[in-house]
Amino acid sequence: MTTDPRNIDTALAAITEHWQPHRLTSVNDYDVKVVKLQGEFVWHTHPDTDELFLVLSGELTIQLRDRDVVLGPNDVFVVPKGVEHCPKADAEVHALLFEPQGTVNTGDARGDRTSPLRELG
């Protein structure tokens, strides 16, 4: 992790793949991740932690079992720990995620969409 300032637009420009979170910075025991999203992810839960989504651009739908939550630019939504959810974006979305360090992107589902946290160059 760098102690230099980071620019979110520059960080996003460096990301070439969807659903591949990159650490922008860390605060205490939390990672601030930048990510590009497109298509449908996997249904999963994070049994031990909440997950915060902050949409920077585009429209992101957080599918829950009982409803859909639609987020646009500058919208924030917290998925409570243990709540099954599936993010979906019909067109590319740029977002920030706030999660405790070590949180796996696919939660308890794992599988081929599981991505190690990547560092920005």
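The residues that line the largest cavity divide into 8 nonpolar, 2 polar and 3 charged, where Ala, Val, Leu, Ile, Met, Phe, Trp, Tyr, Cys and Pro count as nonpolar, Asp, Glu, Lys and Arg as charged, and the others, Gly among them, as polar. The model is predicted, so that local features need pLDDT of at least 70 and side-chain atom pairs count only at pLDDT 80 or more, while totals for chains, interfaces and linings use all residues. Residues are numbered from 1 along each chain as its sequence is written, and side-chain values use heavy atoms, with hydrogens and water left out.

### Exercise 1: the cavity

Find how many cavities of 30 Å³ or more a search of the whole structure gives, and state which residues lie nearest the centre of the largest cavity.

*Solution.* Begin with the method: rolling a probe the size of a water molecule over the atoms shows where empty space is left. Here a cavity is a set of points, on a 1 Å grid over the protein atoms alone, where a 1.4 Å probe fits but cannot get out, and lining residues have an atom within 4 Å of a point. Grid points are joined across faces, edges and corners, and a volume is the space filled by probe spheres set on the points.

Next, apply the search, which returns 1 cavity of 30 Å³ or more; the space in the largest cavity is about 130 Å³. Its lining consists of 13 residues, and W19, F41, E51, L97 and N105 are those nearest the centre. Finally, assign the lining to elements, which are DSSP runs numbered from the N terminus (helices: H or I, at least four residues; strands: E, at least two): β2, β3 and β7 each contribute at least two of the lining residues.

### Exercise 2: aromatic rings

Count the aromatic pairs, classify the geometry of W19 and F41, and identify the residue that lies over the face of W43.

*Solution.* A pair of aromatic rings is described by the distance of the centres and the angle of the planes. The rule is that rings of Phe, Tyr and Trp (its six-membered ring) pair if their centres lie within 6.5 Å, with planes under 30 degrees apart counted as stacked, over 60 as edge-to-face and the rest as tilted. By this rule there is 1 aromatic pair. The rings of W19 and F41 are 4.6 Å apart centre to centre, with 20 degrees between the planes, and the pair is therefore stacked. Because W19 lies in the loop between α1 (8–13) and β1 (22–27), and F41 in the loop between β2 (30–40) and β3 (51–57), the pair ties together parts that are 22 residues apart in sequence. Both W19 and F41 are buried, where buried means under 20% relative accessible area, exposed over 50%, and partly exposed in between (1.4 Å probe, protein chains only).

For W43, the residue over the face is R65, at 3.7 Å from the ring centre; a charge sits over a ring if NZ of Lys or CZ of Arg is within 6 Å of the ring centre and within 35 degrees of the ring normal.

### Exercise 3: the partners of β7 and β2

Determine how many bridges join β7 (residues 85–100) to β2, to β3 and to β4 (residues 60–64).

*Solution.* Two strands pair if DSSP finds at least two bridges between them. Strands β2 and β7 are antiparallel, with 10 bridges, among them the one between E40 and K88 and the one that sets D31 opposite E99. Strands β3 and β7 also run antiparallel, with 5 bridges, and F53 faces L97 there. Between β4 and β7, again antiparallel, there are 4 bridges, including the one that places Q63 opposite C86.

At the other end of this chain of partners, β1 and β2 pair antiparallel over 5 bridges and form a hairpin with 2 residues between them, where N28 in the turn has a positive phi of about 50 degrees.

Definitions and conventions. On a 1 Å grid over the protein atoms alone, a cavity is a set of points where a 1.4 Å probe fits but cannot get out, and a pocket is an open set with protein on both sides within 12 Å along at least five of seven lines; lining residues have an atom within 4 Å of a point.
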